[in-house]
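Please read the points below alongside the model, and take each one with the cut-offs that come with it.

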Amino acid sequence: MKQRNDSYQQLAAIAEKHYGDKNMCTVIATAKVCKVSYGKAFNACRRNGRKTGRGTRSKVYLLAIDDLGYSTHELRLSSLVGRTIGTAERELPSKGRYLIHVRGHVAAFTDGKLHDWTSAEQTGKPRRHRITHIHEVRPAKNEETQ
């Protein structure tokens, strides 16, 4: 499968223009951590129960990530839970793929960069949303050997 590396802005523009989608943080986060197009992530989320234009529960996009050939596991980083997204931007490892969950929102963090409207790059300063939990995303076992 071809790996994509579209920016957050590109994915948001595609969502609005071609899919008429909004409240799509879950789809964008899925696309970024799985390195797939917005369409592949959109369809995987839809197959697992997401309604277009609506936010969704984490169970839905975690199943979609699994369908796209990746596995997730929750990190037990007590030092980051309850801290802010800006802190996570500074303290998460510079290699790897992560989903940062805050109340009612999820953001993708890949290879040292936050891909979301909450990033310091987008807003000029780090946002202060409090982290509820973090998932690490890795290729599924059968994908690692190929």
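1. Basis. This is a predicted model, in which local features need pLDDT of at least 70 and side-chain atom pairs count only at pLDDT 80 or more, while totals for chains, interfaces and linings use all residues. Residues are numbered from 1 along each chain as its sequence is written, and side-chain values use heavy atoms, with hydrogens and water left out.

2. Fold and dimensions. The protein chain holds 7 helices and 5 strands, where helices (H or I, at least four residues) and strands (E, at least two) are DSSP runs numbered from the N terminus; their order along the sequence is α-α-α-α-β-α-β-β-β-α-β-α. The radius of gyration is 14 Å, close to the 15 Å that the globule rule gives for 146 residues, so the chain is as compact as a globular protein of that length; the radius is taken over C-alpha atoms, and the rule is 2.2 Å times the number of residues to the power 0.38. Along the principal axes, the C-alpha atoms fill a box of roughly 35 × 35 × 25 Å.

3. Among contacts (heavy atoms within 4.5 Å) between residues at least 6 apart in sequence, 62% join residues at least 24 apart.

4. Charge. The protein chain carries 27 positive and 14 negative side chains, and the centres of the two sets lie 5 Å apart. Lys and Arg count as positive and Asp and Glu as negative, while His and the chain ends are not counted; each charge is placed at NZ of Lys, CZ of Arg, CG of Asp or CD of Glu.

5. Helix H2, residues 25-34, is mostly covered, with 10 of its 10 residues buried, and Lys32 is among them. After H2 comes lysine 35, whose phi is positive, near 55°. In helix H3 (residues 38-47) the buried residues include Tyr38, Phe42 and Cys45, and their cover includes helix H1 (8-19), H2 and helix H4 (58-67). Glycine 49, which follows H3, also has a positive phi, near 115°.

6. Histidine 105. This residue lies in strand E3 (residues 105-110) and is buried, with a relative accessible area of 13%. The side chains of histidine 105 and aspartate 116 are joined by a polar contact of 2.7 Å, that is, a pair of N or O atoms within 3.5 Å, of which, within protein, one must be able to donate a hydrogen and the other to accept it, residues adjacent in sequence counting only if both atoms are side-chain atoms. Leaving out residues up to four places away in sequence, histidine 105 touches Cys25, Ile100, Asp116, Trp117 and Thr118.

7. Leucine 80 is buried, at 3% relative accessible area, whereas glycine 82 is partly exposed, at 36%. With residues up to four places away in sequence not counted, leucine 80 touches Thr87, Ala88, Glu91, Leu92, Ile131 and Ile134, and glycine 82 touches Arg130 and Ile131. Glycine 82 and threonine 132 are 50 residues apart in sequence and 6.2 Å apart in space, C-alpha to C-alpha.

Key
Buried < 20%, exposed > 50% of the residue type's maximum accessible area, 1.4 Å probe, protein only.
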